[in-house]
Amino acid sequence: MAFNLLIPSLLFLFLLNSFIPFVLGFGVFHVKHKFGSQAQRRNLHLLRAHDVSRHGRLLSAIDLPVGGNGLPSGTGLYFAQIGLGTPSKNYYVQVDTGSDILWVNCISCSRCPKKSDLGVKLTLYDPKGSQSGTLLSCEASFCSSAFSGDVPGCTTNALCQYSVLYGDGSSTMGYFVNDVLQYNQVTGNSVTRPANASVIFGCGAQQGGDLGSSSEALDGILGFGQSNTSILSQLSSAGKVKKVFSHCLDNVRGGGIFAIGDVVQPKTKTTPLVPNQQHYNVNLNGIEVGGSLLQLPTNLFKTGDKKGTIVDSGTTLTYLPEEAYKAVWEKVFEKQSDLNFQTVQEFSCFQYTGNIDDGFPEVVFNFENNLTLHVYPHDYLFQNEEDYCFGFQNGGLQSKDGKDIFLLGDLVLSNKFIVYDLENQVIGWTEYNCSSSIKVEGDNTGTAFTVDAHNIGSAWRSESQNSILLLLLTIVFTYMFF
């Protein structure tokens, strides 16, 4: 007999402003931009340093005994304030598509930072201090599933442990706990109520390298990778959401959306994810500049050992193999031979008084299934005081392991609604006004709720000159038939 089961879709909704923080009046996850102030944005080497650290970790082999391919990386572009435990306490965690598990620093941590130069208050999670927190035994099904069988050396009452080692010397290790994640539940257009879900996450007992430093310290990482240890996978396995998430960041108007579950509108065209890869790899077929297809060898685009194309929202810039980088550079500037370039903190910059969208060509990445990614001059040429700087980077100069990889970061992903459909193993995008509304299916009648970033952000007030990104974790009701 068929019956209706209430299946909510999770929605993250956030707002970004270049200078002014927003404060919402009804239970949000506050998300801050790492490079928030004007001074930080002018300090260009911070952008490159962030990517160098992250790139090295993305490309390094790791040891994750719990299974899957979780790859926590350096402090990301955006970090959220989430609620964990009973009573709920706030934690600042990196929002990252390049890693899998949710973990926060634990009360027993031996090398966890006590303060952060990012200006956030750090909190150590205490399982015993939460009425709903329980330690996870290595005999638990979650642990054995992560190991794809019995856990080596598991004894009665032993904890389910994890350990991640990075090529740059950073590390995190600890054990898993079960506790509640706090969020807001949407019951109609811009109407929410408090709710929570039981999830398994890591309790970090020891951090090494940059993860133990206070310079960019956070409480942990909230990963949206593909492994069975991710929060997305857990919610999907519990029948709460589909294994689909999407994001849209508007770096012009200051709005944005991060959604878990199905979005009715906007619609996107998709391209297949390359199977059996640690990251969100796609098949890139070619690059056009100003309507002309660059003559590049086809083997440059093939996926293989330390080769291929990765979509990573946690990377600030975009990195191309040297051969592709030089070809793009030459075509972009072929009609601007009179420009005088200067090196500003390792970036190639120049002065230009005209409209850059009129003076420079569009760059188009062509993917399998005829999906295209359009990158406009105002995307790849960013302004630094009176100069414009070239945002595409030569991957061959960054890392010997990454010299043959196309790493598509925030530079080319902004102002696009991007969908990661893990159920169908595809990824897609469309150009979109990320400060506008999206539509989600609200009930079994097919009614679509409109969720508008501007409406949600209407109750903000200015507090400082730092840029703050706000994130609201909510649930929208939909129905599924059995």
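Ser163 is buried, with a relative accessible area of 15%. Buried means under 20% relative accessible area, exposed over 50% and partly exposed in between, using a 1.4 Å probe and protein chains only. This is a predicted model, where local features need pLDDT of at least 70, side-chain atom pairs count only at pLDDT 80 or more, and totals for chains, interfaces and linings use all residues. Residues are numbered from 1 along each chain as its sequence is written, and side-chain values use heavy atoms, leaving out hydrogens and water.

Ser163 sits in strand 7 (residues 161-165). Strands (E, at least two residues) are DSSP runs, numbered from the N terminus. Ser163 and Gly174 lie 11 residues apart in sequence, yet 6.6 Å apart in space, C-alpha to C-alpha.

Next, the cores. A nonpolar core is a set of buried Ala, Val, Leu, Ile, Met, Phe, Trp, Tyr and Cys residues joined through side-chain atoms within 4.5 Å.

| Core | Residues in core | Members named |
|---|---|---|
| Largest | 71 residues | Ile287, Phe365, Tyr380 and Phe392, which touch the most other members |
| Second, separate | 15 residues | including Ile101, Phe142, Cys143 and Leu211 |

Now the hairpin. Strand 21 (residues 363-367) pairs with strand 22 in the antiparallel sense over 5 bridges. Two strands pair if DSSP finds at least two bridges between them. The hairpin has 3 residues between its strands, and Asn369 in the turn has a positive phi of about 70 degrees. Phe365 stands opposite Leu373 in strand 22.

In a regular strand, side chains alternate between the two faces of the sheet. Strand 22 (residues 371-375) has a covered face of Leu371, Leu373 and Val375. Its uncovered face holds Thr372 and His374.

Terms used. Helices (H or I, at least four residues) and strands (E, at least two) are DSSP runs, numbered from the N terminus.
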